[in-house]
Amino acid sequence: MSLARALVDVRPLRTSPLFRRLLIGRTVSTLGSFMTVVTVMFQVWDATRSTVWSGSVGLAQALPMIGIGLFAGSWVDRADRRRVYLLGNAGQAACSLLLAVQGFTGHVPVAAVLALVAVQASFGAVGAPAAGVFVPRLLPKDQVAAGLALNQVTGQAMMLLGPAVAGVVLGWWGIGVCYLLDAASFGVSFAASFALPAMPPVGEQSRPGLGGVADGLRFLTGHRVVRGALLTDLAATVLAMPASLFPLVNSERFDGDPRTLGLFLSALAVGGVATTALSGPVTRLARPGPVMLGAAGTWGAALAGFGLTTSAWAGLGFLVVAGAADALAVLSRTTIVQTCTPDALLGRVTAAETIVGQAGPQLGNLRAGAVAGWSSGATALVTGGLLCLAAVTAVGTSTPELRRGSGPADAPAQPAGALTAPAVEPG
């Protein structure tokens with residue numbers, strides 16, 4: 001296999017100037033968002049020296065996404081997705097500007113800062129389902145997985161770069177400048193998406209209110225492949241999420257060395273970035289179902305291995321494998337959702353997928369902490385990994401459609417924007 005075919009498939013960059021513009025805007029805004037995450041945590045900790053207040057930052061970001069997401073998805077499936085996305089971008093930029101103002105003035109209560117973070121996350125919850133339709137509307141169906149891989153690899157790169165840039169800016173110019181740069185990054189994203197054509201739903205529009213939400217949930221429970229993909233993701237995150245255990249395992253196995261602790265998260269990220277950068281064969285294979293099942297099982301097995309090892313280097317190796325498996329699983333899940341969901345339902349299903357991605361890791365960290373509380377960090381890792389393997393096996397066994405892995409290549413070739421999808425399958 002040539003190196004060009006091994007690397008991430010860049011055909012979407014060549015074939016779609018609009019996708020290329022969107023990717024640039026999204027990359028810049030993602031960098032700004034990760035800078036803001038670090039800046040808010042720094043500001044809250046500096047003002048309170050309280051782990052409770054620091055932990056509240058995550059809640060302020062996650063709760064609006066969970067509480068607003070499904071209703072936002074229903075709205076997105078009745079409206080022009082481009083306008084909804086622009087509204088979400090503008091709202092997030094305005095919140096960043098207000099955060100910058102309070103950063104320059106100082107002496108703003110921490111609760112007010114968290115309220116601004118929550119409002120910004122609410123605008124993000126509105127924009128996320130709208131953004132979920134862009135890739136399948138702008139690219140031919142056989143390039144959707146490649147477009148998602150490009151989104152993922154740039155996002156992971158910004159996740160690595162953003163905190164480092166935030167640290168430099170905080171040290172030199174302070175929190176106000178960090179927030180101001182985030183606002184500017186949303187301006188770049190707004191400009192990139194402004195050139196998009198109108199994107200109303202294709203097919204029957206969503207019913208307003210709870211009726212539209214119920215229709216989306218009915219599709220999720222009735223479409224076996226999409227349902228299996230989301231269940232597989234929940235099995236991996238709820239049963240085997242390791243992040244909350246890292247400090248304890250580091251203390252139990254590696255004498256609490258802070259250098260080792262820092263390498264744990266870096267190892268996961270390195271595995272994810274490297275694998276996504278080399279995802280060309282996977283996206284061209286167009287079999288996201290089997291890839292997701294295999295990757296989720298590998299995630300569980302690698303974390304169980306991490307829990308058993310007493311060698312720091314072997315542990316880091318297991319985490320690199322886990323990060324690689326997680327990247328493949330996320331890419332496959334998103335590909336399944338965006339190629340198997342009718343356009344008229346895609347906003348709601350993308351919102352549900354986002355909620356699963358937000359809530360699953362939080363619940364997984366809670367489960368891991370509870371198990372470790374009455375046993376040990378290693379026990380929580382090993383049992384979580386084995387439970388993940390068992391759950392993924394159960395999903396794969398009970399969902400032959402997911403095992404067979406129908407992907408974009410199995411459907412008739414369609415021009416970009418002409419989306420169709422399988423009807424809801426019997427449960």
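**Exercise 1. Decide whether R348 is buried or exposed in this predicted model, and state what its side chain reaches.**

Solution. R348 belongs to helix α17, where helices are DSSP runs of H or I with at least four residues, numbered from the N terminus. Its relative accessible area is 5%, so R348 is buried (buried means under 20%, exposed over 50%, partly exposed in between, with a 1.4 Å probe and protein chains only). The side chain of R348 reaches the backbone oxygen of A344 at 2.8 Å. Leaving aside residues up to four places away in sequence, R348 touches L70, G73, S74, D77, S206, G212, D215 and G216, a contact being heavy atoms within 4.5 Å.

The model is predicted, so local features need pLDDT of at least 70 and side-chain atom pairs count only at pLDDT 80 or more, while totals for chains, interfaces and linings use all residues. Residues are numbered from 1 along each chain as its sequence is written, and side-chain values use heavy atoms, with hydrogens and water left out.

**Exercise 2. Explain why helix α11 is largely enclosed by the rest of the structure, and find which helices its buried residues pack against.**

Solution. Begin with the extent of α11, which covers residues 224-240 and reaches 23 Å from its first C-alpha to its last, close to the 24 Å expected at 1.5 Å a residue (the expected span is 1.5 Å times one less than the number of residues). Next, 12 of its 17 residues are buried, so α11 is largely enclosed; among them are R224, G228, D233 and A240. Finally, the buried residues of α11 pack against α10, α15, α16, α17, α18 and α19.

Conventions: Helix = DSSP H or I, 4+ residues; strand = E, 2+ residues; numbered from the N terminus. Polar contact = N/O pair within 3.5 Å; in protein donor to acceptor, adjacent residues only side chain to side chain.
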